[in-house]
Amino acid sequence: MQQEGMDPVIVGILIVVGLAALVFVLILLKFARLWLQAYFSRADIKLSELIGMWLRKVDAKAIVLSKITAIQAGLELTTKDLESHYLAGGRVPNVVRALIAANRANIDLTLKVATAIDLAGRDILDAIQTSVNPKVIDCPDPKKGKETIDAVAQDGIQLRAKARVTVRTNIQRLVGGATEETIIARVGEGIVTTIGSAITYKSVLENPDKISKAVLSKGLDAGTAFEILSIDIADVDVGENVGAQLQAAQAEADMRRAKAEAEKRRAMAVAREQEMRALVVENESKVPLAIAEAFQKGNLGIMDYYRLKNIGADTQMRESIAKPKKTE
């Protein structure tokens with residue numbers, strides 16, 4: 001008696017159902033741990049939401065742990081808000097920790113503001129920590145390779161100063177506000193201006209706090225993401241006598257200009273002397289012709305000629321006697 005085989009359609013259905021059950025079991029195993037963790041933490045995250053995150057390529061573990069952290073801290077954040085911020089490229093764990101820190105410090109920070117700051121590229125957690133615990137900025141920045149801010153008082157003495165600026169983050173101006181580099185640049189400019197306006201460097205050394213008071217009164221934190229709490233002058237040293245160096249350089253330049261003027265006048269005198277000598281030689285060459293013409297016209301006799309020669313010889317003798325002897 002021949003046995004009848006199972007219907008192929010039923011076999012196919014059983015295979016499909018088996019595969020579906022296998023996939024379901026695998027997915028369940030994949031997200032079971034996260035789901036149980038969220039369930040027992042009262043984070044209210046459904047298994048379907050975890051599968052949806054997986055399909056949307058969202059880091060489900062980061063979302064679950066961030067929501068559990070928020071729930072345990074007493075913050076009401078929805079899974080949708082966290083997931084949307086993740087999809088926008090934000091740092092969800094950082095934002096959640098910043099919200100918790102702000103809540104503990106009684107700082108008014110909403111999820112919308114926090115995510116906006118995070119998406120702007122600012123470290124919102126560091127900003128909250130700086131707002132709670134003000135930080136100190138060295139001016140100038142040693143990382144830039146410059147140790148002091150150099151400025152010259154009106155008496156020409158150079159002073160080298162170091163400042164320490166205590167700032168606190170201004171959350172409301174964090175988006176669009178200038179960074180630490182602007183604070184350092186403005187404080188440096190203020191120090192240079194204050195020292196430069198001092199009549200003498202001694203007045204600055206006697207009261208270094210004048211620098212900090214003058215700089216602080218200028219409202220240098222306008223338009224920045226920080227609020228300047230204090231500016232302290234850490235060190236002031238006397239540098240070079242720039243005024244004396246400038247005067248010496250000016251004197252050297254004046255001396256070189258005077259030498260050039262003197263050389264110019266000497267060259268002009270030499271040229272004039274050469275012109276005069278050429279004129280004398282030219283006129284002396286005309287003397288014999290004039291004497292010959294005087295002989296022809298009878299205006300000069302032989303005795304007059306010899307008298308003239310004697311006068312010339314006498315003149316040469318006197319000149320040779322008057323000239324100083326050359327020393328060897």
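The model is a predicted one, in which local features need pLDDT of at least 70 and side-chain atom pairs count only at pLDDT 80 or more, while totals for chains, interfaces and linings use all residues. Residues are numbered from 1 along each chain as its sequence is written, and side-chain values use heavy atoms, with hydrogens and water left out.

Helix α1 comprises residues 8-40 and includes Leu 29; here helices (H or I, at least four residues) and strands (E, at least two) are DSSP runs, numbered from the N terminus. An unreviewed UniProt entry annotates residues 12-32 as a "transmembrane region", although such annotations may be inferred rather than shown by experiment. In the model this span is 100% helix and 0% strand, and its end C-alpha atoms lie 29 Å apart. Leu 29, with a relative accessible area of 61%, is exposed, where buried means under 20% relative accessible area, exposed over 50% and partly exposed in between, with a 1.4 Å probe and protein chains only. Leu 29 also belongs to a nonpolar surface patch of about 830 Å², whose other members include Val 11, Ile 15, Leu 19 and Phe 24. Such a patch is made of residues with over 30% relative accessible area and no salt bridge, nonpolar side chains being joined within 5 Å and like charges within 9 Å.

The aromatic rings come next. Rings of Phe, Tyr and Trp (its six-membered ring) pair if their centres lie within 6.5 Å, with planes under 30 degrees apart counted as stacked, over 60 as edge-to-face and the rest as tilted. By this rule there are five aromatic pairs. In one of them, Tyr 39 and Phe 40, the ring centres are 5.3 Å apart and the planes stand at 80 degrees, so the arrangement is edge-to-face. Tyr 305 and Tyr 306 likewise form an edge-to-face pair, at 5.9 Å centre to centre and 70 degrees between the planes. Tyr 39 is exposed at 53% and Phe 40 is exposed at 65%, whereas Tyr 305 is partly exposed at 24%. Ring pairs also join Trp 35 with Tyr 39 and Phe 40 in a cluster.

Strands β2 (residues 149-152) and β3 (residues 157-169) pair in the antiparallel sense over four bridges, where pairing requires that DSSP finds at least two bridges between two strands. Ile 149 has Ala 161 of β3 as its bridge partner, and Ile 149 lies with Ala 151 on the covered face of β2, while Asp 150 and Val 152 lie on the uncovered one. The two strands form a hairpin with four residues between them, and Gly 156 in the turn has a positive phi of about 90 degrees.

Further along, UniProt (unreviewed entry) places a "coiled-coil region" at residues 241-277, a span that is 97% helix and 3% strand, with end C-alpha atoms 54 Å apart. The whole structure holds 15 salt bridges, each a side-chain nitrogen of Lys or Arg within 4 Å of a carboxyl oxygen of Asp or Glu. Among them, Glu 263 meets Arg 266 with the closest N and O atoms 3.0 Å apart; because these residues are three apart in helix α11 (residues 242-297), about one helical turn separates them. Glu 275 and Arg 272 form another, at 3.3 Å, and also lie three residues apart in helix α11. Lys 297 and Glu 293 meet at 2.9 Å, N to O, and are four residues apart in helix α11, about one turn.

Terms used. Accessible areas come from the Shrake-Rupley method with a 1.4 Å probe; for residues, only the protein chains shown count as cover.
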